[in-house]
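Subject: Structure for your review

Dear colleague,

Please find below the structure that I am handing over to you. A summary of the findings follows it.

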Amino acid sequence: MNDERVPSWEDVAQRYGRRIYNFAYRLTGDPDDAADLVQDVLIRVRSGLDQYQPGSFEGWLWRITRNAFLDGVRRRQRRPTMPLPEDDHASLGSSPSPDEVLAAVRLSDDVQAALVKLPYDFREAVVLCDVVGLTYDEIADATEVPVGTVRSRIHRGRKMLRETLTWPV
Amino acid sequence: MAGLSAEIREELLSAYLDGELRPGELTVVTRILTGDDEAIAMFRSLQAVRRAVRLLPELEIPAHLLPEGHFGDRLSAYLDGALRTAEMRTVAGHLMGCADCRSELQTLDRARIAIRALPGVEPPEILELRREVEEARRKMRLGRVAVWVGGVAAAAALLFGLSVGGREQPTVDLADLGDRHVARASVTSGFQILPALSETGKP
């Protein structure tokens with residue numbers, strides 16, 4: 001996103017909506033919560049764009065996303081996360097081979113289940129890095145912690161995932 | 001490597017995977033990975049975990065969440081106030097900028113008003129109740145006429161010096177009405193008896 005101009009709300013929704021949705025989905029494993037978060041973020045973006053000063057747009061956006069997510073979590077008072085529905089991956093256009101599809105579904109389910117078990121700070125760092133694709137600097141900006149903390153959280157999150165996942169790594 | 005804790009060494013390996021090493025750290029990582037089977041195994045396992053997370057399928061965002069997505073399937077719920085608060089605001093915001101959805105909303109609203117204006121059709125049980133009530137009222141009116149006739153006769157007897165003392169007054173036999181609730185209600189409040197009937201559960 002060009003930092004020299006203030007994007008329109010439609011630009012933000014088009015460009016980032018999917019990433020925000022995936023961020024929320026991977027953090028919670030719940031499609032309804034993910035949809036709620038996208039709506040909440042886009043509303044906040046819409047009302048906040050007037051005050052936005054051109055600069056690190058992604059940092060601003062992900063801070064909004066993170067705050068919206070945490071507000072949602074607080075509202076639900078740490079509602080337990082739900083497992084992925086059985087047919088979640090059926091429409092993803094995976095490999096045509098039934099065995100490969102089955103293996104991919106199992107692997108995805110395992111990884112998703114392991115992700116939602118991580119402590120929030122580690123989960124957030126891993127998801128922002130490996131699902132959303134932010135750099136350590138961008139994650140530090142979004143989460144308002146030093147880059148060294150981001151690095152530590154990502155590593156510790158991955159290490160916990162490795163210990164949780166049952167398949168050989 | 002001497003001087004670095006296991007945690008720091010692993011952290012460096014993880015950052016190396018992400019291309020996030022600071023200046024000078026690449027040399028350290030190279031040394032860690034040279035001839036240290038344990039470090040190499042750790043590196044490979046972190047690599048596998050990272051790949052597994054990155055290979056999670058990217059999900060499509062539901063179309064209605066995006067600006068060009070329309071809200072056709074949610075406009076009825078919006079009219080009825082049945083959406084969640086955040087969703088209500090999203091739909092409201094979308095309606096401000098989408099003539100198609102505004103037009104559809106107006107059509108739905110007109111249909112909703114027309115449907116709500118349709119006359120109610122009473123089920124057969126209610127019609128049966130009404131018949132019983134009419135019958136009860138008819139009997140009650142007959143009873144009142146009998147009382148009135150008796151009263152007139154008594155007055156006439158008095159006027160003409162005839163004694164009618166000890167003679168029974170005609171009364172309404174509630175048992176004849178079949179349902180005491182019907183009788184009481186009809187005597188006191190006419191057609192307000194329907195609720196009373198329904199409370200008894202008796203048709």
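The model is a predicted one. In chain A, 69% of the contacts with a separation of 6 or more are accounted for by residues 24 or more positions apart.

Chain A has seven helices and zero strands, and along its sequence the pattern reads α-α-α-α-α-α-α. Chain A has 169 residues, 50% of which count as buried. Its accessible surface is about 8000 Å², and carbon and sulfur atoms hold 49% of that area.

As general background, nonpolar side chains tend to be buried together in soluble globular proteins. In this model, the largest nonpolar core comprises 58 residues, and Tyr21(A) and Val45(A) have the most contacts inside it. At least two residues of this core come from each of the following: helices H1 (9-28), H2 (31-48), H3 (57-75), H4 (98-117), H5 (120-132), H6 (136-143) and H7 (147-164) of chain A, together with helix H3 (37-54) of chain B. The helix that gives the most to this core is H1(A), with 10 residues.

Tyr21(A) deserves a separate note. With its neighbours within four places in sequence left aside, Tyr21(A) contacts Pro31(A), Ala34(A), Ala35(A) and Val38(A), and on chain B Leu59(B), Glu60(B), Ile61(B), Pro62(B) and Leu65(B).

Another core, of 10 residues, lies apart from the largest one; among its members are Leu12(B), Leu17(B), Val28(B) and Val29(B).

Yours sincerely

Note on methods
Residues numbered from 1 in each chain as written. Chains lettered and ligands numbered in written order. Predicted model: local features only at pLDDT ≥ 70, side-chain atom pairs only at ≥ 80, totals over all residues. Heavy atoms only, no water. Core = buried A, V, L, I, M, F, W, Y, C linked by side-chain atoms within 4.5 Å. Buried < 20%, exposed > 50% of the residue type's maximum accessible area, 1.4 Å probe, protein only. Helix = DSSP H or I, 4+ residues; strand = E, 2+ residues; numbered from the N terminus. Contact = heavy atoms within 4.5 Å. Areas by Shrake-Rupley, 256 points an atom, 1.4 Å probe, with all protein chains shown as cover.
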